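Take a look at the model below.

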Amino acid sequence: MVDELVLLLHALLMRHRALSIENSQLMEQLRLLVCERATLLRQVRPPSCPVPFPETFSGESSRLPEFIVQTASYMLVNENRFCNDAMKVAFLISLLTGEAEEWVVPYIEMDSPILGDYRAFLDEMKQCFGWDDDEEDDDDDDEEDDY
C-alpha cells in the first residue's frame with residue numbers, strides 16, 4: 001500500500017512538473033502575443049474624428065446650446081464609446097468647469113438617479129442654466145401678436 005502511494009505521489013509530481021513547464025511556455029507565448037499586439041497597434045493609426053472634441057462649459061447660458069450640440073455630435077460619431085446614458089452623462093460632467101461644475105457636485109454626492117439618465121440630465125442643465133425650450137415658442141407667439 002505504501003509503495004502504491006509513493007508511486008501515485010511520484011506520478012502526481014511528474015504531472016505537476018509537466019503542467020508547470022507547459023504553463024510557463026503558454027505564459028511566454030502570451031507575453032509575445034501581447035508585445036506583438038502592442039507593436040501592431042502603434043503602427044495602426046485610428047481614423048481622425050470628423051467632429052472636434054467639445055469645449056468645456058462653465059455655466060454661461062448663451063453657450064449651453066452650443067455645448068449640447070458639440071457634445072451630442074461628438075458622442076454620435078463616437079457612439080461605441082458612449083453606449084449608455086451613464087457614459088453620456090459622465091462625458092458631459094467631465095467637460096463642466098466653474099459654476100457648472102459646482103452645480104453638478106450635489107448630484108454626484110447624493111448619487112442621483114439623474115446621473116444615469118441623459119435626457120433628464122440635459123433637462124436639468126437647461127433648467128438651471130437658462131435654456132427653456134418654451135422660450136422659442138413664446139417668442140413665436142409674441143411675433144404673431146405683433147401682426
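**From the loop to the core**

Pro-52 is exposed, because its relative accessible area is 61%, over the 50% that counts as exposed. This is a predicted model. Pro-52 sits in the loop between α1 and α2. Along the sequence, Pro-52 and Tyr-74 are 22 residues apart. In space, their C-alpha atoms are 7.1 Å apart.

Arg-63 belongs to the loop between α1 (2-43) and α2 (64-77). Is Arg-63 buried or exposed? Arg-63 is buried, because its relative accessible area is 14%, under the 20% limit. Leaving out residues up to four places away in sequence, Arg-63 touches Glu-55, Thr-56, Phe-57 and Gln-70.

Phe-57 leads on to the core. The largest nonpolar core has 25 residues. Those with the most contacts inside it are Phe-57, Phe-67, Leu-96, Trp-103, Phe-121 and Met-125. Which helices each supply at least two residues of this core? They include α2, α3 (85-94), α4 (98-109) and α5 (118-129).

Met-125 shows how parts of the chain meet. Residues up to four places away in sequence aside, Met-125 touches Phe-57, Leu-64, Phe-67, Leu-96, Trp-103 and Gly-130.

Now turn to α3. Its buried residues include Val-89, Phe-91, Leu-92 and Ile-93. What covers the buried residues of α3? The cover includes α2, α4 and α5.

Met-1, Leu-5, Leu-8 and Leu-12 form it. Together they have about 470 Å² of accessible area. Leu-5 is placed in helix α1. An α-helix has 3.6 residues a turn, so residues three or four places apart point the same way.

Finally, step back to the whole protein. It has six helices and zero strands. Read along the sequence, the pattern is α-α-α-α-α-α. Of the 147 residues, 22% are buried. Among contacts with a separation of 6 or more, 58% join residues 24 or more positions apart. The accessible surface comes to about 11,200 Å². Carbon and sulfur atoms account for 56% of that surface.

Methods:
Residues numbered from 1 in each chain as written. Predicted model: local features only at pLDDT ≥ 70, side-chain atom pairs only at ≥ 80, totals over all residues. Heavy atoms only, no water. Helix = DSSP H or I, 4+ residues; strand = E, 2+ residues; numbered from the N terminus. Buried < 20%, exposed > 50% of the residue type's maximum accessible area, 1.4 Å probe, protein only. Contact = heavy atoms within 4.5 Å. Patch = residues over 30% accessible without salt bridge, like charges linked within 9 Å, V, L, I, M, F, W, Y side chains within 5 Å. Areas by Shrake-Rupley, 256 points an atom, 1.4 Å probe, with all protein chains shown as cover. Salt bridge = Lys/Arg side-chain N within 4 Å of Asp/Glu carboxyl O. Core = buried A, V, L, I, M, F, W, Y, C linked by side-chain atoms within 4.5 Å.
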